Amino acid sequence: MATKAERRAARERVSAYHESQLAGLLGHVGAEIDRYRAGEIDAYAADETIHHYHRAAAELWKFCFARGGGAHVEFIAGLLDRMTADAETIEWWERAAPRRHQ
C-alpha cells in the first residue's frame, strides 16, 4: 500500500505524461490546420485529422485514467517509469490510425 505522498507523486507523473502526450497529439492537428489555411489540403482532410486526434486522445485517456485513481494510477506510474528506463514509447497517433480493410 502506497503512502499518500506516493499516490500524489504517481498522480502527478501520470498527469504530466498525459499532458505531454496531448501536446504531441495537438501538434499533429496544428500542422494540418496550417496546411488547410495554406490551401494544401481541403476541409475534409483537416476534419479527418481532428477525428484522428479525438481517437488518439481517447486512447491516451483510457490508458492513463480509465480505471479510476488509486491502484491504477500507481500501476501506470510504475509502467511509465519502466518504459522510461527501457527507452520505450507508445505512439498514440499511430495507435489511433484508422484501420484499412484489405
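Trainee: Leaving aside its neighbours within four places in sequence, which residues is Thr 49 in contact with?

Mentor: Thr 49 is in contact with His 28, Val 29, Glu 32 and Trp 93 (heavy atoms within 4.5 Å). This is a predicted model, and residues are numbered from 1 along each chain as its sequence is written. Local features need pLDDT of at least 70, side-chain atom pairs need 80 or more, and totals for chains, interfaces and linings use all residues, while side-chain values use heavy atoms, leaving out hydrogens and water.

Trainee: Where does Thr 49 lie, and why does Thr 49 count as buried?

Mentor: Thr 49 lies in helix α2 (a DSSP run of H or I, at least four residues, numbered from the N terminus). Its relative accessibility is 9%. Buried means under 20% (1.4 Å probe, protein chains only), so Thr 49 counts as buried.

Trainee: What makes α2 roughly perpendicular to α3?

Mentor: Their axes (lines fitted to C-alpha atoms over the stretch in contact) cross at roughly 110° and come within 8 Å. Roughly perpendicular covers 65 to 115 degrees, so α2 and α3 qualify.

Trainee: Which residues make that contact?

Mentor: α2 gives Lys 62, Phe 63, Cys 64 and Phe 65; α3 gives His 72, Val 73, Ile 76, Leu 79 and Leu 80. They divide into seven nonpolar, one polar and one charged.

Trainee: Which residues have the most contacts inside the largest nonpolar core?

Mentor: Val 14, Tyr 17, Leu 25, Phe 63, Leu 80 and Trp 92, in a core of 20 residues. α2 gives the largest share, six residues. Leaving aside neighbours within four places, Val 14 is in contact with Cys 64, Phe 65, Val 73, Ile 76, Ala 77 and Leu 80.

Key: Core = buried A, V, L, I, M, F, W, Y, C linked by side-chain atoms within 4.5 Å. Buried < 20%, exposed > 50% of the residue type's maximum accessible area, 1.4 Å probe, protein only. Helix = DSSP H or I, 4+ residues; strand = E, 2+ residues; numbered from the N terminus. Axes fitted to C-alpha atoms, helices over the stretch in contact; angles between N-to-C directions. Parallel < 35°, antiparallel > 145°, perpendicular 65-115°, else oblique. Nonpolar A, V, L, I, M, F, W, Y, C, P; charged D, E, K, R; others polar.
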